[in-house]
Amino acid sequence: MGLYINKGNNGFRESRNSEYVDKSGLIAIVNKTLFTRQKFSCVTRCRRFGKSMAAQMLAAYYDLSCDSRSLFAGLEIEHDASFEEHLNKYPVIYLDMTDFFTRFKKHDDIVERIDKAVRDDLATVYPQVPQKEDDDLMELMLRIVYDTKKPFFFIIDEWDIICREYAKPSPLYKQHPEVMDEYVNWLRRMFKSFNATDAFAGVYITGILPIKKYKTQSAMNNFLEYSMVEPGHMGRHFGFTKEEVQQLAVKHQMAFDEMEKWYDGYQIGDESSMFNPSSVMQAVSRGRCRSFWSVTATFNAVSDYIDMNFKGLKDDIIFLLGGGRAKVNTTKFQNDLSEINSRDDVLTVLIHLGYLSFDWRKNECYVPNYEVSGELSNAVETNNWNHVVSALQQSEQLLDDTIAGDEQAVTRALEAAHSNDTSILSYNDENSLACVISIAYYYARNEYYVHREYASGKGFADLVMIPRKNVDKPAIIIELKKDKDATTGIDQIKNRNYPQKVAEYTGDILLVGINYDTETKQHSCRIEKWTK
């Protein structure tokens with residue numbers, strides 16, 4: 001056992017000793033790639049989605065220095081045909097690049113320090129294998145494999161941190177511009193040389209941003225990628241499924257609908273309802289739901305690009321906060337934070353960072369849940385979008401005034417939200433109007449399920465708010481009109497019988513008609529109580 005080689009199974013043991021949701025099916029997928037041309041796997045996910053835990057699980061499974069059978073007892077992988085074939089059969093090298101970066105980031109020879117640290121560890125574990133003066137890590141690994149007849153399983157956690165931190169125009173790039181090229185050459189030597197066939201049974205690396213279009217493309221184009229946009233068969237193995245969270249909610253006597261509100265909403269490949277696993281587990285341990293999101297340096301960099309407003313990007317962010325969706329071309333992004341040149345690039349980065357979810361069938365992105373929505377709201381406030389911030393801050397009062405039936409107060413609030421001296425909250429079409437109204441009622445998400453284009457009666461209501469459990473407030477149906485009058489909205493709600501389906505979920509219902517006159521730039525509002 002060493003610092004980087006054959007570290008044992010303590011990491012995964014701690015996971016099993018904790019509240020653990022079975023993700024061992026991932027092992028079966030990786031097993032199928034061993035000793036094939038597909039043995040190089042790169043899994044990229046946003047932070048807090050279980051990448052490191054999965055890497056520790058793989059290390060415990062393959063590591064020949066320990067007996068991990070008991071740790072997998074009762075788990076999904078135990079019943080797979082490949083379980084016995086590869087259990088604890090390979091020497092495992094496990095590198096945490098974040099640790100190396102933290103230790104060596106001030107040095108211009110960080111790549112050589114990484115290489116030497118692992119070589120020194122291997123020399124300690126394999127003293128019988130001679131190490132020549134000019135050996136690099138690959139050369140030494142080959143000597144070991146030829147001597148022991150056992151190829152390595154190689155794991156790198158956060159492989160891309162050097163690519164991210166040393167990218168233009170970061171301060172580290174300015175101090176050490178040569179590091180990126182040296183790292184790329186090191187990766188090429190490790191994974192693209194002919195000798196990689198002999199050295200590895202399999203390679204598994206994790207990171208945040210995909211590698212396909214990095215400067216590292218030629219060094220790593222033999223890797224199969226599994227990303228937030230293209231997860232392949234690994235979708236359900238990162239993040240929690242709806243069924244898994246329902247079981248946790250029952251076990252810990254927590255309200256599932258609250259956990260769903262806060263942490264659900266990610267679509268990862270064919271998995272349409274994935275929860276943020278780290279936030280779910282923290283909520284379970286604390287007995288209540290709240291935001292456990294931590295803003296990263298990566299997002300701070302992206303926030304600067306949001307403020308540049310590439311081709312109406314600000315409008316897109318507002319629409320997304322209002323519950324809307326935005327078209328996005330994820331193929332344009334070069335997977336390099338120094339190459340963000342369009343709104344599509346920014347939105348794609350936000351998908352990879354977990355701030356947005358991606359519907360690959362429609363090529364649309366959207367805000368997945370309440371936790372993330374709150375963090376995006378904070379970003380908007382940080383970027384000083386004053387009129388939007390004002391609308392968000394006043395949204396609680398707007399909800400109270402709506403429930404009180406104060407039509408004049410609601411009208412004044414909408415006028416304030418749609419200030420004439422800002423282009424962000426503009427009514428370009430009916431969808432824009434709906435997004436602005438959703439922002440104005442932003443606070444309602446604390447107490448309501450908020451639905452846009454809600455199927456009800458003989459059509460789709462523009463905005464429907466259904467109270468959450470234990471919230472003693474009426475449901476609200478809002479119909480939006482342009483260049484008509486607010487009463488027309490009320491009439492449409494009644495004529496198309498929108499309250500019919502809403503009444504299945506609640507008692508009292510308020511009908512709200514809102515009209516915007518494009519000539520006078522004025523709003524009007526009508527509020528009525530619905531009676532059966």
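These legends walk you through several close-up views of one predicted model.

Residues are numbered from 1 along each chain as its sequence is written. Because the model is predicted, local features need pLDDT of at least 70 and side-chain atom pairs count only at pLDDT 80 or more, while totals for chains, interfaces and linings use all residues; side-chain values use heavy atoms, with hydrogens and water left out.

**View 1. Two separate nonpolar cores.** A nonpolar core here is a set of buried Ala, Val, Leu, Ile, Met, Phe, Trp, Tyr and Cys residues joined through side-chain atoms within 4.5 Å. "Buried" means under 20% relative accessible area, "exposed" means over 50%, and "partly exposed" is in between (1.4 Å probe, protein chains only). The largest core holds 66 residues, and Leu347, Leu356 and Ile478 have the most contacts inside it. Apart from that one lies another core of 51 residues, including Phe100, Val118, Tyr166 and Phe223.

**View 2. Who does Ile478 touch?** Contact means heavy atoms within 4.5 Å. If you skip residues up to four places away in sequence, Ile478 touches Tyr441, Asp462, Leu463, Met465, Val512 and Ile514.

**View 3. Rings around Tyr62.** Rings of Phe, Tyr and Trp (its six-membered ring) pair if their centres lie within 6.5 Å; planes under 30 degrees apart count as stacked, over 60 as edge-to-face and the rest as tilted. Searching the whole structure turns up 26 aromatic pairs. In one of them, Tyr62 and Tyr90 are tilted, at 6.0 Å centre to centre with 50° between the planes. Tyr62 sits in helix α3 (residues 51-62) and Tyr90 in the loop between α4 (83-86) and β2 (92-96), so this pair ties together parts 28 residues apart in sequence. (Helices, H or I with at least four residues, and strands, E with at least two, are DSSP runs numbered from the N terminus.) Tyr62 is buried at 0% relative accessible area, and Tyr90 counts as buried at 8%. Tyr62 also forms a stacked pair with Phe153, 4.2 Å centre to centre and 25° between the planes. Here the link spans 91 residues, from Tyr62 in α3 to Phe153 in strand β3 (residues 152-157). Phe153 is buried too, with a relative accessible area of 0%.

**View 4. Charges over rings.** A charge sits over a ring if NZ of Lys or CZ of Arg is within 6 Å of the ring centre and within 35 degrees of the ring normal. Lys261 lies over the face of Tyr370, 4.6 Å from the ring centre. Arg468 does this with Tyr449, at 4.1 Å from the ring centre.

**View 5. A three-stranded open sheet.** Strands of a sheet pair through backbone hydrogen bonds, either parallel or antiparallel. Two strands count as paired if DSSP finds at least two bridges between them. This sheet has 3 strands in the order β9-β11-β10, with antiparallel pairing. β9 (326-327) and β10 (357-359) stand at the edges with a single partner strand each, so one side of each has no neighbour in the sheet. Between β9 and β11 (residues 364-366) there are 2 bridges, and Lys327 stands opposite Glu364 in β11.

**View 6. Strand β4 and its partners.** How covered is strand β4 (residues 200-207)? Mostly: 8 of its 8 residues are buried. Strand β1 (residues 40-44) runs parallel to β4, joined by 5 bridges, with Cys42 partnered by Ile205. β3 is also parallel to β4 over 5 bridges, and Ile155 has Tyr204 as its bridge partner.

View 7. The buried residues of α15 (residues 277-286) are Pro277, Ser279, Val280, Met281, Ala283 and Val284. Their cover includes β6 (240-241), α13 (242-251), α14 (256-263), β8 (271-275) and α19 (370-382). Just after α15, Gly287 takes a positive phi of about 80°.

**View 8. The β15-β16 hairpin.** Strands β15 (residues 509-517) and β16 (residues 522-530) run antiparallel, joined by 9 bridges. Leu510 stands opposite Lys529 in β16. The hairpin has 4 residues between its strands, and Lys521 takes a positive phi near 60° there.
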